[in-house]
Amino acid sequence: MFILAVSGSAIGLGNIWKFPYITGVNGGGAFVIIYLICIFSIGLPIMISEIMIGRKGKRNPITSMEILGIEETGNGVWKIVGFIGLMAGFLILSFYSVIAGWTFHYFLLTLQGLFIETSAMEVKTVFNQLTQSIPKQLIYHSFFMILTVSIISKGVRNGLEKAVYFMMPALLIIMCILLYYSITQGNFSEGVSFLFKPDFSIITASTILVAMGHAFFTLSLGMGCVVMYGAYLQDHESIFKTSIIIILCDTFIALFAGLIIFPIVFANNLDPGAGPGLIFQTLPLAFGQINGGILFGALFFALISFAALTSAISLLEPSVVWLIEKRQIRRSTAAILMGLLIWTMGLFTILSFNNLSSFVFWKGTIFDNIDFLASNILLPISGLLFTVFASWFMSHKSSKRELSDTTTLQYNIWRFLARYIAPLAVIIILINFIGVF
Ligand code: TRP
């Protein structure tokens, strides 16, 4: 089902791992507010635009853009948008797989009871041991990539999407248990005020760009994932309603994760700006103290690994489908080729945490730069072009037809946001950022 496929793609490490960590690095409240504004004013219209393009184009994002470009404007050059997205997807999956590997490692560690009654110091040491070890990360990264590639090769996405249906409630239940822990054992009031009390004086152009980039990242926008899935959306289903549901679920889970993590951070005098290791240095503390911590902890990390898998599949699928159509090769060959390329790129992320950790430039380590370039520059640019195409270049008749199940008000809201607000916001935020480059 479409809604499960897109939720499976949208909900992943972006919600549980990346949102808390970049919120911490960017100072909390004000960042969260900008992120929320971006979700609804930019994310919503772009998601609708991408689904429309997918449902009308019925192919992989590149070919869909080429066909529709020719149909609507007489120019196939629009396929470049698909290529920008594809590149972003490559870069994102290369580090996504490494972090997904971390969560899988934590699943095993928790299962062994390693975190029972541990201190914040010990938990930090365990995390450092992982990031310092190239072989360990290599094994998990390879394992995760092989898993993703084999699922794509077999084309068994369908069954996995059904599993999303059970995974989400399970994840929510464990998150409720964790929230109870954070309320009772954590410094809840400080956590809440960090997350929701804005201090706009610490906001820079770069922070705004990161908040916007994350709106794209967490909703899987800009890369063509949603275009790809839009091709499977049936004509009678409502694009507008489905998009709203997906966005609300995704945002809810991210905020929920924040509400769990920051009270633990402050209760243990940890640094909210600890970076990519934030959840790995906080959640084990909770699992070490609650009743049934081994079971819940292991289940939690297993669920996150699974959520990461459904997202990773959506990151790889469009390029594989494109390669199959373009080169007439077998699905498995295409998946292995793309997988190998991405796996190799992932090595740079692994090295960013050890041997090359002092090799910093522009936005930080190689990992920081790959993430910044893909999430905050490439995704917004291709997302902008998707929405400009759907709202300015697709004929009124075509867009009206795709959104025929919406009310006139909903259609007008989409059109206004997609034509003016989203493009202007993206352009202003990007230009503003270049100004301080
Ligand atoms: N949205 C996913 C997450 O939050 C990651 C993801 C899947 C993604 N597909 C994407 C990000 C496409 C950008 C583009 O974990």
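This report describes the ligand site and the cavities of one predicted model.

In this prediction, local features need pLDDT of at least 70 and side-chain atom pairs count only at pLDDT 80 or more, while totals for chains, interfaces and linings use all residues. Residues are numbered from 1 along each chain as its sequence is written, and side-chain values use heavy atoms, with hydrogens and water left out.

**Ligand shell**

The ligand is surrounded by 17 residues. Ala10, Gly14, Tyr96, Phe217 and Ser220 are the closest. A residue counts as near if one of its heavy atoms lies within 4 Å of the molecule. The shell has nine nonpolar, eight polar and no charged residues. Here Ala, Val, Leu, Ile, Met, Phe, Trp, Tyr, Cys and Pro are nonpolar, Asp, Glu, Lys and Arg are charged, and the others, Gly among them, are polar.

Polar contacts (pairs of N or O atoms within 3.5 Å) are listed here:

| Protein atom | Ligand atom | Distance |
|---|---|---|
| Tyr96, polar side-chain atom | oxygen | 2.5 Å |
| Thr218, polar backbone atom | nitrogen | 3.2 Å |
| Asn15, polar side-chain atom | oxygen | 3.5 Å |

On its own the ligand has 360 Å² of accessible area, and the protein covers 100% of it. Areas come from the Shrake-Rupley method with a 1.4 Å probe. Elements giving two or more residues to the shell are α1 (2-10), α2 (13-25), α5 (79-111), α10 (205-218) and α14 (293-327). Helices are DSSP runs (H or I, at least four residues), numbered from the N terminus.

**Cavities**

The structure holds three cavities of 30 Å³ or more. A cavity is a set of points, on a 1 Å grid over the protein atoms alone, where a 1.4 Å probe fits but cannot get out; lining residues have an atom within 4 Å of a point. The ligand takes the space of the largest cavity. That cavity holds about 140 Å³ of space. Its lining numbers 16 residues, with Ser9, Ile92, Phe217, Ser220 and Leu315 nearest the centre. Helices α1, α5, α10 and α14 each give two or more residues to this lining. The lining divides into ten nonpolar, six polar and no charged residues.

How values were computed. A polar contact is a pair of N or O atoms within 3.5 Å; within protein, one must be able to donate a hydrogen and the other to accept it, and residues adjacent in sequence count only if both atoms are side-chain atoms. On a 1 Å grid over the protein atoms alone, a cavity is a set of points where a 1.4 Å probe fits but cannot get out, and a pocket is an open set with protein on both sides within 12 Å along at least five of seven lines; lining residues have an atom within 4 Å of a point. A molecule sits in a cavity or pocket if more than half of its atoms lie within 2 Å of its grid points. Grid points are joined across faces, edges and corners, and a volume is the space filled by probe spheres set on the points.
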